[in-house]
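Open the model in your viewer and keep the sequence panel beside it. This tour goes from the whole chain down to single residues.

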Amino acid sequence: MPHIHIKSFNPVKLPAKQDDVDFHFMASNVAHSDELLIATTIGEKEFFLLVKDTPENTLLKSEKISRPSPTYIVKKALNQLAALTKSEILASNVDDSSKHMHLEKDESLWSIHDFAKGFPEADDVRIEVGFGSGRHLLHQAKENPEILFIGIEIHKPSLEQALKQINILGLKNVILLDYDARLFLELVPSNIVSRIYVHFPVPWDKKPHRRVISTAFINESTRVLAPQGQLELRTDSENYFAYSWETFIALNKAILRVNKNQAIAISSKYEDRWKKMEKNIYDITLVNEEISPELNIEGSFDFKSGLDRERLAKLNTTTQKVEGGFIHFERLYATDDSRMMFRVSMGSFERPEHLYVIIGEDKSYYFPTQPVPSQINFAVHRHLDELLHG
C-alpha cells in the first residue's frame with residue numbers, strides 16, 4: 001500500500017487545499033496520541049489519511065476502512081499532504097508516474113452509495129462475486145454486450161487491473177464495486193438477476209464465518225434471482241465443496257446440480273494453476289424457481305443533535321448487543337473543530353459494517369458512507385443513536 005515516511009509531522013490549520021486535494025479536519029485518537037486521521041476529499045472521493053508516529057519517524061498512509069479506489073488517488077493525496085505540511089520525506093513508495101491513463105476514467109467504478117441511490121436498469125443482470133483477475137468477468141461482458149455485469153472485488157489491485165481492461169476494451173456493460181458481496185445483495189431488487197457467479201472463493205477453513213456461501217447468502221441470492229436464474233459455485237477446495245453442499249442441501253426446497261472437472265468457456269488463472277497441479281474442480285449450481293416479493297426496506301440513518309463527551313467516553317471500547325446484531329465502539333477520536341468521532345463495527349454478526357460516526361453539537365453523521373439500508377442496520381442505528389444522544 002502507498003506510504004511515505006517523514007521526519008516528523010507538522011500540523012497545519014484546516015480546512016486547507018493543496019492542488020485539487022481538500023483537507024477538512026484532523027481527528028486524534030484519545031487513547032493513543034501517536035495516531036491522527038485527516039479527512040480528505042479528491043473530487044467525490046472522501047476518505048481518511050493516517051498519520052502514525054513510529055519510534056524512528058512518522059508514517060503517512062491511507063486509513064483502511066475509508067481507503068478509496070483507484071490507488072493513485074491515495075498516492076496523490078499523500079504527496080499533497082506532505083507538500084502542504086512541508087514535511088521532510090525520508091522514504092516513499094509513492095510516485096505520481098504510477099498513475100495510469102486507463103485509471104483516470106472510472107465511470108465503471110461505483111460505490112455502494114451509487115447503488116443505494118438507485119439500482120441500474122437493465123433487461124438482464126449478472127453478478128460475479130470475487131472476480132480476481134477479471135478474466136471470466138471480462139470475457140462474459142465481451143461476449144454478451146446486451147447484459148449488465150456487476151463485478152464485486154475487495155482486492156484493490158485486482159479491481160484496478162479490471163478497470164484498466166474495461167477502459168482499454170471500451171466495455172460499457174460492466175460495473176465494478178469494492179464492497180462485501182454479502183451486504184451488497186441486500187440492495188439488489190428481487191427477481192432481476194439471471195446469474196450469480198462465485199468462482200474460487202477463499203475457503204477460509206480457519207475462519208468459516210467469513211465464507212461467502214452461507215444460508216443467509218443463499219437466501220438473498222434466491223430472492224434476487226429471476227425464475228430459472230442460477231447461483232453458480234466453482235471451487236477447487238474439497239472442504240469448501242463439502243461445506244457448501246451441506247449448506248445447499250439443508251434448504252427446504254432446491255434444484256441443485258453438481259459437476260466435477262467440467263470445462264467452461266473461460267477459466268481463471270487460478271483454475272489454470274489448479275489444473276496443472278491436477279486438482280479437482282467442483283461445481284454446485286442452484287436453480288431458482290421462485291418469484292420473490294419485491295424488496296421493501298424503509299428507515300432512516302439520521303441522528304439526533306447534541307454532543308455529550310462524558311457519555312461518549314464511557315462507550316469507548318465497549319460492545320452493545322442488539323436483537324440480531326451488535327455495536328462495537330472500537331476507537332474514540334477528538335477532532336480539531338470541537339467534535340468527537342467513533343470508529344465502530346456494527347450490524348449483523350455475520351455481516352458487520354465498519355464505519356466512522358462523527359458527532360457534533362448540531363449534526364452527527366456516518367463517514368465515509370452510511371450503512372447499507374437493511375432492516376438490521378436500521379434497527380442497530382436506532383440503538384446507536386440512543387446510546388450516543390440518549
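**The whole chain**

Start with a cartoon view. The chain has 10 helices and 20 strands; these are DSSP runs, helices being H or I of at least four residues and strands E of at least two, numbered from the N terminus. This is a predicted model: local features need pLDDT of at least 70, side-chain atom pairs count only at pLDDT 80 or more, and totals for chains, interfaces and linings use all residues. Residues are numbered from 1 along each chain as its sequence is written, and side-chain values use heavy atoms, with hydrogens and water left out.

Along the principal axes, the C-alpha atoms fill a box of roughly 60 × 50 × 40 Å.

Now colour by burial. Of the 390 residues, 52% are buried (under 20% relative accessible area; exposed is over 50%, partly exposed in between, with a 1.4 Å probe and protein chains only). Among contacts (heavy atoms within 4.5 Å) with a separation of 6 or more, 69% join residues 24 or more positions apart.

**The cores**

Select Ile127, Ile150, Phe184, Ile196, Phe217 and Leu231. In the largest nonpolar core, of 37 residues, these touch the most other members. A nonpolar core is a set of buried Ala, Val, Leu, Ile, Met, Phe, Trp, Tyr and Cys residues joined through side-chain atoms within 4.5 Å. A second, separate core has 24 residues, including Ala16, Leu49, Ala77 and Val94. In soluble globular proteins, nonpolar side chains tend to be buried together.

Centre on Ile150. Beyond its neighbours within four places in sequence, Ile150 contacts Phe115, Phe119, Val125, Arg126, Ile127, Glu128, Ile175 and Phe184.

Next, show helix α6, residues 215-224. Here 7 of 10 residues are buried: Phe217, Ile218, Glu220, Ser221, Thr222, Arg223 and Val224. What do they pack against? The partners are β9 (125-129), α5 (181-184), β12, β13 (225-235), α7 (238-249) and β15.

Stay with β12 and pick His199, in that strand (residues 193-199). His199 is buried, at 11% relative accessibility. Outside the four places on either side in sequence, its contacts are Val129, Gly130, His136, Glu232, Arg234 and Ile264.

**The rings**

Show Phe, Tyr and Trp side chains. The structure holds 15 aromatic pairs. Rings (the six-membered one for Trp) pair if their centres lie within 6.5 Å; planes under 30 degrees apart count as stacked, over 60 as edge-to-face and the rest as tilted.

- Select Phe301 and Tyr366. The ring centres are 6.0 Å apart and the planes at 90 degrees, so the pair is edge-to-face. Phe301 is in the loop between β15 (282-287) and α9 (309-315) and Tyr366 in strand β20 (residues 364-367), so the pair ties together parts 65 residues apart in sequence. Phe301 is buried at 7% relative accessibility, and Tyr366 is buried at 6%.
- Select Phe326 and Phe349. Their centres are 5.3 Å apart and their planes at 15 degrees, so this pair is stacked. Phe326 is buried at 11%; Phe349 is partly exposed at 47%.
- Select Phe25, Phe48, Tyr333, Tyr356 and Phe367, which form one aromatic cluster.

**Backbone stops**

Most residues other than glycine have a negative phi, and most peptide bonds are trans. Visit these stops:

- Leu14 to Pro15: a cis peptide bond, omega near 10 degrees.
- Ser69 to Pro70: also cis, with omega about -5 degrees.
- Asn261: a positive phi of about 55 degrees, in the loop between β14 (255-260) and α8 (269-276).
- Glu278: phi near 60 degrees, in the loop between α8 and β15. Glu278 is exposed at 72%.

**Last stop**

Finish at Gln375, in helix α10 (residues 375-389). Its C-alpha atom is separated by 6.4 Å from that of Ile297, 78 residues apart along the chain.
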